[in-house]
Amino acid sequence: MTIQQPVRSQPVQSLVRSMPAQVTVTPSRRITVLGAGHIGTTIATMLSGAGHTVMIADASEAQLALVRGKRLKRACIDAADRGALLRHLKDQDIVVSALPYTLNRGIAQAAVETGTHYFDLTEDVATTAFIRTLASSAPVALMPQCGLAPGFICVLGAEMARRFERPHSLSMRVGALPRYPTNALRYNVTWSIDGLINEYCNPCEIIHAGQITRVPALDGLENVLIDGVAYEAFNTSGGLGTLTETLAGQVDDMSYKTLRYPGHAEIMKLLLQGLALAEDRPTLRRILERAAPFTPNDVVIIFVTGIGERRGRMEEDSIILRYESTAEFGAIQLTTAAGCVAMIELFLTGRLPARGFLKQEDARLEDFLGTSAGQLLVRHARGSDPN
């Protein structure tokens, strides 16, 4: 087990050498957001607030009835119904999937057939690989893995690598946690249970000795102290998106780990490995729904550290950010939705390629923070000046 030195969060203004002078204005488009859950609704609300004509769609009338926002249009559409999806998307410029990753292959195919640009939140490696192959001959842009991790964290990781003349190691740690843990897991679900199980069960990509390699999820346990609070960190799948491929051969070592409160990894190993629930995901899902129910009172911790050569010597640099739930946003809602919407804004203003497979690290941090969604991340960041 690795023990890291205590660190403190920092103002978001220190992320870039010069903050954008003004927010980028994007042209209005017709956009459909599939999935009327907490994050899908937040994405739709942000896009509507930016002046787009936004339709939020879901297979559940009851879920749609919970959506607030006078400017949002609503449609009851089952994304698994290929015909209904094709009929709807033919009149849309962009579709955003905020649905479980298991539906995204079909949605991406429908987007390509109807000439609709596509964005999603998936962390699933196999789904992303499928979409990448689909994008190779597509007349539209396809950008999976938007959000927080993968997403915002990949933009930060690429920025950290650029801060060095020769980066040697990058470590990225992200936690979406309850502010007030009360159960044995010391965890509450603040986003998708299916996505959570996926990242705990699948192999994890890292860079070691300059080469991409795979390591088991839940391994690599380390202790971290941030702002006086103790956390543990361990390997999870999908958080780096395509960043391993992008930086392989440029950085010696790079890893992504999930932050949790101490003791969580041991319990999850018992469930997944000791009781073999990794092979029985429906049962694991029912356990987590009961043992770790959703809470709106959450916190997101982002911790990126780089070591490399700069000005003729070895130096270390860090980015440490904290987001807390407010009356307006849950922390995971804000960081995930803003990560997705910022990419859409950059795409619409020509700061990203117009077609094909788009990577998160294609966006530079200063451009990302110059969007209206990026400015939300600036305003809501919490932390004390480490100086």
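**Sheet, cores and one glutamate**

Mentor: This is a predicted model. Start with β2 and β3: 5 bridges join strand β2 (residues 30-34) to strand β3 (residues 53-58), and the two run parallel.

Trainee: Which residue does valine 33 stand opposite in β3?

Mentor: Isoleucine 56.

Trainee: How many strands form the open sheet, and in what order?

Mentor: 7 strands. The order is β4-β3-β2-β5-β6-β7-β16, with parallel pairing.

Trainee: Which strands stand at the edges?

Mentor: β4 (73-76) and β16 (356-357). Each has a single partner strand, so one side of each has no neighbour in the sheet.

Trainee: Switching to packing. How many residues has the largest nonpolar core?

Mentor: 72. Phe152, Ile302, Tyr323, Met343 and Phe368 have the most contacts inside it.

Trainee: And which helix gives the most to this core?

Mentor: Helix α11, residues 331-348, with 13 residues.

Trainee: New topic, glutamate 61. Where is it found?

Mentor: In helix α2, which covers residues 61-65.

Trainee: Why does glutamate 61 count as exposed?

Mentor: Because its relative accessibility is 54%, and exposed means over 50%.

Trainee: What separates the C-alpha atoms of glutamate 61 and glycine 308?

Mentor: 53 Å. Along the chain, glutamate 61 and glycine 308 are 247 residues apart.

Notes:
Residues numbered from 1 in each chain as written. Predicted model: local features only at pLDDT ≥ 70, side-chain atom pairs only at ≥ 80, totals over all residues. Heavy atoms only, no water. Pairing = 2+ DSSP bridges. Helix = DSSP H or I, 4+ residues; strand = E, 2+ residues; numbered from the N terminus. Core = buried A, V, L, I, M, F, W, Y, C linked by side-chain atoms within 4.5 Å. Buried < 20%, exposed > 50% of the residue type's maximum accessible area, 1.4 Å probe, protein only.
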